[in-house]
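Biologist: I would like to learn how to read side-chain contacts in a model. Can we work through them one by one?

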Amino acid sequence: MYLAGTTGLNKVGAFQFPVYHRKHPCLSSSIHLASLPAEASPIIGNHEIHEGKYFMAIGLGTPPVSNLVTVDTGSTLSWVVCEPCQIVCHPTAPEAGAAFNSSNSTTYQRVGCSSRDCTEVQRSLVAPFGCIEETDTCLYSLRYGSGSSGQYSAGRLGKDKLTIGSGSSTVVDGFVFGCSEDDNFNGRESGMIGFGDESFSFFNQVAQQANYTAFSYCFPGDHRAEGFLSIGPYPKYNLVYTQLIPKFGDRLVYSLQLIDMMVDGNRLQIDPAEYRERMLIVDSGTADTFLLAPVFDAFSKAMITAMRAKGFVSDIDGTMTCFTPPGGNSVDWGDLPTVEMKFTRTTLKLPPENVFYGPSSSTGEVCLAFKPDAAGVRDVQILGNKATRSFRVVYDLQARLFGFQPRAC
């Protein structure tokens, strides 16, 4: 799909990207912009690079360097691994693309230390930053998670041409991004694309060309299904909404107010006030869902009770809760418990395939895609992408609404 001018707009006037699982027949194992259809900018779930993430194929520079980058609603600044690497850079998979070298691009521009872009990025990121005065180059530093052991990326800010698909499908001519020259990153993708609500995020830089401030996506859970991601206005049919809270403390992240949970129609045995202790952050770059300890304990107990009633044997190993079917039988997904997460005005009803991983090819066990907050970031609740796969998910920033529609891809 072309994203220049009016070309590539869907019937409601939004920029729309097709979304594929890595095993979809439309995609090969390696992603290169030149090999993609001109109208395609796929988002791929590639478990060989990093399990549970979804990626976008982008091109930076002139000529464009193609990369696979994580689609992340939990961050704002987009960045890619650059060369030469000044300190330590994480190794990337061959299919993630080559490292970006700004000296090879005829359209690259550095971001100056006193520029508006530099000021906004450094104000937003809660991490040390600086400037190279000799070349008037703005520096950035950002962290994911918490503490000194968390993942991070640091380097210089730049601007260049962003392309999607083959040919000349330019989205942003002066796209602001981080050229990472030092990082501690667990994935093997080339970087991150930020959909957070800051002026310099990928979302807001592209949204300037749309006539409505919203984005939506559907990440397919089945490799035979096609999904999508769109920026701009969206069709409102079959959607239910809850309030979208675009700030968590001093961070601009997308949050929801969880007020109740049920397992197989039974409410958790917990004081409802526990749900309101923390908001629930929606993070497309995280696979699992993390709950505060009191909520997770009640959820785990309810799930163990429901699974044992069906003959499953439970096994808790650290933060993983798994279940083995009785007598070596295969798992009947239609018989597994469902989960309901109640928000203001609506309820998100999760089928078993959004609640469990598996089954294991050797033991047949299935494992919960829910964990306590201590397994991620303490005191932070997160709604991960496993829970919302196959749902159309809408972030309507203009109306401050979060919408979802089941079985959309």
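Predicted model: local features only at pLDDT ≥ 70, side-chain atom pairs only at ≥ 80, totals over all residues.

Biologist: How should I read a salt bridge?

Modeller: Side chains of opposite charge can pair when their charged atoms come close. By the rule used here, the count comes to eight salt bridges. Take E120 and R116, whose side chains meet at 2.9 Å, N to O. Both lie in helix α1, residues 116-124. They are four residues apart, about one turn of the helix.

Biologist: Is E120 buried or exposed? And R116, buried or exposed?

Modeller: Buried means under 20% relative accessible area, exposed over 50%. E120 counts as buried because its relative accessibility is 17%. R116 counts as exposed, at 65%.

Biologist: Which residue forms a salt bridge with E198?

Modeller: R123 does, with the closest N and O atoms 3.4 Å apart. This pair links distant parts of the chain, 75 residues apart. E198 sits in the loop between β11 and α2, and R123 in helix α1. E198 is buried at 9%, while R123 is exposed at 54%.

Biologist: Where do D288 and K371 lie?

Modeller: D288 is in the loop between β18 and β19, K371 in strand β26, so the pair ties together parts 83 residues apart in sequence. Their side chains meet in a salt bridge at 3.3 Å, N to O. D288 is buried at 11%, and K371 is buried at 16%. Look also at D264, K310 and D335, which are linked in a network of salt bridges.

Biologist: Now rings. How many aromatic pairs does a search of the whole structure find?

Modeller: It finds 23. Among them is W79 with F185: 5.3 Å centre to centre, 85° between the planes, edge-to-face. W79 is in strand β5 and F185 in the loop between β10 and β11, 106 residues apart. W79 and F185 are buried.

Biologist: Why is the pair of F391 and F404 edge-to-face?

Modeller: Planes over 60 degrees apart count as edge-to-face. The planes of F391 and F404 stand at 75°, so the pair qualifies, with ring centres 6.4 Å apart. F391 lies in the loop between α4 and β28, F404 in strand β29. Both are buried.

Biologist: Which rings does the charged end of K236 sit over?

Modeller: K236 sits over the ring of Y212, 5.5 Å from its centre. K236 also sits over the ring of Y234, at 4.4 Å.

Biologist: And how many disulfides does the structure hold?

Modeller: Six. In one of them, C82 and C179 have their sulfur atoms 1.9 Å apart. The torsion is -115° about the S-S bond, and the link is left-handed. C82 is in the loop between β5 and β6, C179 in strand β10, so the pair ties together parts 97 residues apart in sequence. C82 is buried at 1%, and C179 at 0%.

Biologist: What of C85 and C89?

Modeller: Their sulfur atoms are 2.2 Å apart. With 100° about the S-S bond, the link is right-handed. C85 is partly exposed at 35%, whereas C89 is buried at 19%.

Biologist: What is the pairing of the bonded cysteines, numbered in sequence order?

Modeller: The pairing is 1-8, 2-3, 4-6, 5-7, 9-12, 10-11.

Technical notes: Residues numbered from 1 in each chain as written. Heavy atoms only, no water. Salt bridge = Lys/Arg side-chain N within 4 Å of Asp/Glu carboxyl O. Helix = DSSP H or I, 4+ residues; strand = E, 2+ residues; numbered from the N terminus. Buried < 20%, exposed > 50% of the residue type's maximum accessible area, 1.4 Å probe, protein only. Phe/Tyr/Trp six-rings, centres within 6.5 Å; stacked < 30°, edge-to-face > 60°. Lys NZ or Arg CZ within 6 Å of the ring centre and 35° of its normal. Disulfide = S-S within 2.5 Å.
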